[in-house]
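Here is a friendly walk through one protein model. Have the viewer open as you read, and follow along residue by residue.

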Amino acid sequence: MSEDKPALPAPREQLNGLAFGLMMLDPDQIIREANPAAENLLGISIKRMKGRSFLDLLTFAQPGLIDKLTDTERQLVARGVDVKVGNGDLRLNITMATLSNHPGWRMVSLSDASQGDRFDEQERRGQLRGP
């Protein structure tokens, strides 16, 4: 008798299970898809994100970064980027990857860059305490 193996989760379920935010941008920088982690990180519902311009949703402090973000043929990795989302300020790690079979389309991953700062701070506090 063979055991039934669990079914492989569908691609949407896999993306929804990621711990980092993920968005799909069309060639005009419009957000077409996002996962729940992006919603949690940015504090904006997926429904409100979809159909909005990525650069209207996130305001970047570094002017040189905008040119890189708008180049739809460019891969990008940016760490510790200061971003304004609505009235909130975030420090994010951003990765943009092109979809080779779909010119202009990109996947964007977002993670909280300040988490590392908090962990470093906790480690320093831990090192300062002695028995």
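This is a predicted model: local features need pLDDT of at least 70, side-chain atom pairs count only at pLDDT 80 or more; totals for chains, interfaces and linings use all residues.

## Charged pairs around R12

R12 forms a salt bridge with E33, and the closest N and O atoms of the two are 2.4 Å apart. R12 sits in helix α1 while E33 lies in strand β2 (residues 31–34), so this pair ties together parts that are 21 residues apart in sequence.

How many salt bridges does the structure hold? The count is 5.

If you move on to R32, you will find a salt bridge with D26, where the closest N and O atoms are 2.8 Å apart. Is D26 buried or exposed? D26 counts as buried because its relative accessibility is 6%, under the 20% cut-off for that class. R32, at 38% relative accessibility, counts as partly exposed.

D82 and R91 form another salt bridge, with the closest N and O atoms 2.8 Å apart. D82 has a relative accessible area of 29% and is partly exposed, and R91 counts as partly exposed at 34%. Elsewhere, salt bridges that share partners join R12, E33 and K50 into one network.

Helix α1 covers residues 11–16, and N16 belongs to it. With a relative accessibility of 33%, N16 counts as partly exposed. Which residues does N16 touch, leaving out those up to four places away in sequence? They are N35 and P36. For N16 and N35, the separation along the sequence is 19 residues, while their C-alpha atoms are 5.2 Å apart in space.

## The sheet and a packed helix

Next, trace the strands. An open sheet is formed by 6 strands in the order β2-β1-β6-β5-β4-β3, with antiparallel pairing. Strands β2 and β3 (59–60) stand at the edges with a single partner strand each, so one side of each has no neighbour in the sheet.

Inside that order, strand β5 (residues 88–98) and strand β6 (residues 106–112) run antiparallel and are joined by 7 bridges. To place one of the pairings in your viewer, look for A97, whose bridge partner in β6 is M107. Helix α5 (residues 63–70) packs on the sheet and touches β3, β4, β5 and β6. The direction of helix α5 makes about 115° with that of β4.

## The nonpolar core

Finally, turn to the largest nonpolar core, which has 25 residues. Which of its members touch the most other members? They are M23, L42, M49, F54 and F60. Strand β4 (residues 76–85) gives the most to this core, contributing 5 residues.

Setting aside residues up to four places away in sequence, L42 touches M23, M49, L57, L58, V85, L90, L92 and L110. Two of these contacts, M23 and M49, are listed with L42 among the core members that touch the most others.

Methods: Residues are numbered from 1 along each chain as its sequence is written. Side-chain values use heavy atoms; hydrogens and water are left out. A nonpolar core is a set of buried Ala, Val, Leu, Ile, Met, Phe, Trp, Tyr and Cys residues joined through side-chain atoms within 4.5 Å. Buried means under 20% relative accessible area, exposed over 50%, partly exposed in between (1.4 Å probe, protein chains only). Helices (H or I, at least four residues) and strands (E, at least two) are DSSP runs, numbered from the N terminus. Contact means heavy atoms within 4.5 Å. A salt bridge is a side-chain nitrogen of Lys or Arg within 4 Å of a carboxyl oxygen of Asp or Glu. Two strands pair if DSSP finds at least two bridges between them. Axes are lines fitted to C-alpha atoms, for helices over the stretch in contact, and angles run from 0 to 180 degrees between N-to-C directions.
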